[in-house]
Amino acid sequence: MAVEAERVKARSSDRQRTAASRTSGPAGRSSGQRRRGSADRATLLGRSAPYLLLLPATLVTLLLLGYPLLKNLELSFQNLNIRQFIQHLTEWNGVQNYQDLLSSGEFWHTAVRSLFFTLANVALIMIGGTLVGLLLNRLGKKMRLLLSTGLMLAWAMPIVASTTVFTWLFDSQFGVVDWMLSQLGWSGMAQYNWMSTQLSAFSVITLLIVWGSIPFVAFNMYAGLTTISKELFEAARMDGAGAWRTFTQLTFPILRPFFLSTTFLEVIWVFKCFTQVVAINGGGPERSTETLPVYAFVEGVGNQHFGMGAAISVLTILILLVLMAYYFRIIVKQEDEL
Amino acid sequence: MRRSLAGRTWPNAVAVVLFVFFAFPVYWMVATSFKQDNDIISKTPVFLPLHGTLAHFSKAVDADGFWTLVRNSFTVTICAVLASLIIALLASFAIARMKFKGRKAFVVVVMLAQMAPWEVMVIAIYMIVRDADLLNRLVPLTLFYMMMVLPFTIWTLRGFIAAVPRELEESAMVDGCTRAQAFIKVIFPLLAPGLMATSLFGFITAWNEFPLVLVLNKQAEAQTLPLWLTQFQTNFGSDWGATMAASSLFAVPVLIVFFFLQRKAVGGLTSGAVKG
């Protein structure tokens, strides 16, 4: 409502301004030809001003974002391996790359792995983040500050640095995690090599991503919770609702938009996550932790099948676009300031 | 509304456990970097670096080309952030203050560009940069980093500009300023905190970037710190003290900036990927 009122006000002041310029128009005209020319130029300039202001941003976006996307598409229709790469040859091969990919077990295997990896991570992030957010809301001032500090550290930590630290934490020889697990009575875990199997490597990667992502969800959850008035919770408690019912019948419905948009944001982020997987073990052991973006990178840049790699990225981008379309439908509904 | 003793204690207990869970990796990084070697590789971990040493830091700092990498990282990040700030300032003024056809479309493009999957575009970018004969240079990195932070910069600056009351600008124009003068003399000074916050977030993004530099700049003297950090282990064997010292050197500036900005970071940034 307030926004609408604002708009009406702006529109009416615009109308006043045009009325003013209309009345001042004839006076300006009588004072000579030169003046009128400059006024015309001013309105022309005024009308094109927004476009001029947007020009640099638009050009840069077309050149540095649009062109690489097109180039990616173009490359995906080429037979571009090390020989063609060195000799600067362009060999078109139509949809061959796509045919090969879609009929190969490896691609589908990686796609399914990516899917489950994303689902597992996002589920853990959303559940963990929500619980931590609820806890933040319940804590006293001092304890909230303490927990926020911890969350802030994890959130701010550069991904490359945290990946290095997690490698050290899970080191098989002197890693503190193995020591702790064996101390807790799990003697088989002493000197355990976490990078030796797919499941254990994925566990470390998942823990790393979840650890780094929970703070964002938790802080937003907490920010959302503070907007709900205390009386509602009070009323729910009076009616004898337990914690679970209060959450499902009160908190969740009110914060539904938050849950939707954050979940999609996390799905997109985890699905395209690259640094953690590559920097921790390069997609190993034996390529068993490669997700789609890593698969594209290893095929394209690592094995120098550039065309094939480009085709994998195009398919990955398509999946991302579908996810993003859903995300945008959610936030366009929410944001009236668009 | 009195809760039982247990009801009052368990949230605090859980909070302490969670604090340890989230803070421990960061603590362990810093602690390891100060520990003596025999404390690092002892059978039972030493949790407090009582016999601290700075040897690991000097090893990291004295590593081949460390200062070149620091300079590269700073050059690339600062140039990228400044360029994107200038471009974004123009664009965000237009979308915050002017009405024109296509405004909505531009805003949608900005939001889409914000989510651009850079990680998946590295192959195409590699080919483009190679065809331009610019591999192992800082210019392409700077340009693409600028593009990476541009949408976010436009989006947040738009908010800051919209927050400056329109009346201030109008009264300056009534007093005889042109629109450009009004912007420079009235709006710009009020934007200073916003510009500061936005550029620091841009700084963090560009400072941490890894996939692109991994693909584009393989030569040692053209790398940036994130790439160096991931290769540190390979280069230095399992010298965890030095590796953690290198990590700390890389991460601590970011942690400080982040704490400085925390109020602006929390809440309201759901639409902007501060970290993704």
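Colleague: Is B:Asn136 buried, partly exposed or exposed?

Modeller: B:Asn136 is partly exposed, because 15 other C-beta atoms lie within 10 Å. A residue is called buried with 20 or more other C-beta atoms within 10 Å of its own, exposed with 12 or fewer, and partly exposed in between, with C-beta atoms placed from the backbone. Before we go on: this is a predicted model, where local features need pLDDT of at least 70, side-chain atom pairs count only at pLDDT 80 or more, and totals for chains, interfaces and linings use all residues. Residues are numbered from 1 along each chain as its sequence is written, while chains are lettered from A and ligands numbered from 1 in the order in which they are written.

Colleague: Where does B:Asn136 lie, and what is its phi?

Modeller: B:Asn136 lies in the loop between H6 and H7 of chain B. Its phi is positive, about 60 degrees, although B:Asn136 is not a glycine. Most residues other than glycine have a negative phi. Helices here are DSSP runs of H or I with at least four residues, strands are runs of E with at least two, and both are numbered from the N terminus.

Colleague: Which residue of chain A has a positive phi without being a glycine?

Modeller: A:Gln191 is one, with phi near 60 degrees. A:Gln191 sits in the loop between helix H8 (176-183) and helix H9 (198-227) of chain A. A:Gln191 counts as partly exposed because it has 13 C-beta neighbours inside 10 Å.

Colleague: Staying with H9, what about A:Ile205: buried or exposed?

Modeller: A:Ile205, which is in helix H9 of chain A, counts as buried because it has 23 C-beta neighbours inside 10 Å. Leaving out residues up to four places away in sequence, A:Ile205 touches A:Gln276, A:Val277, A:Ile280 and A:Thr289. Contact means that the C-beta atoms of two residues, placed from the backbone, lie within 7 Å.

Colleague: And chain A overall, how many helices and strands?

Modeller: Chain A has 15 helices and zero strands. Of its 338 residues, 37% are buried. Among contacts between residues at least 6 apart in sequence, 66% join residues at least 24 apart.

Colleague: Which domains does chain B have?

Modeller: The assignment gives domain 1 (5-53) and domain 2 (66-239 + 254-265). Such bounds come from an automatic or database domain assignment. The centres of the two domains of chain B, taken over C-alpha atoms, are 35 Å apart.

Colleague: Where is confidence lowest in chain B?

Modeller: Among the helices, look at H13 (residues 262-265) of chain B, where the mean is lowest at 59, whereas H6(B) is highest at 95. The score is pLDDT, the predictor's confidence in each residue, from 0 to 100. Chain B averages 87, and 93% of the residues score at least 70. Over residues 265-276 of chain B pLDDT stays under 50. Where pLDDT is low, the predicted coordinates should not be read in detail.

Colleague: What ipTM does the complex get?

Modeller: The predictor gives the complex an ipTM of 0.88, along with a pTM of 0.87.
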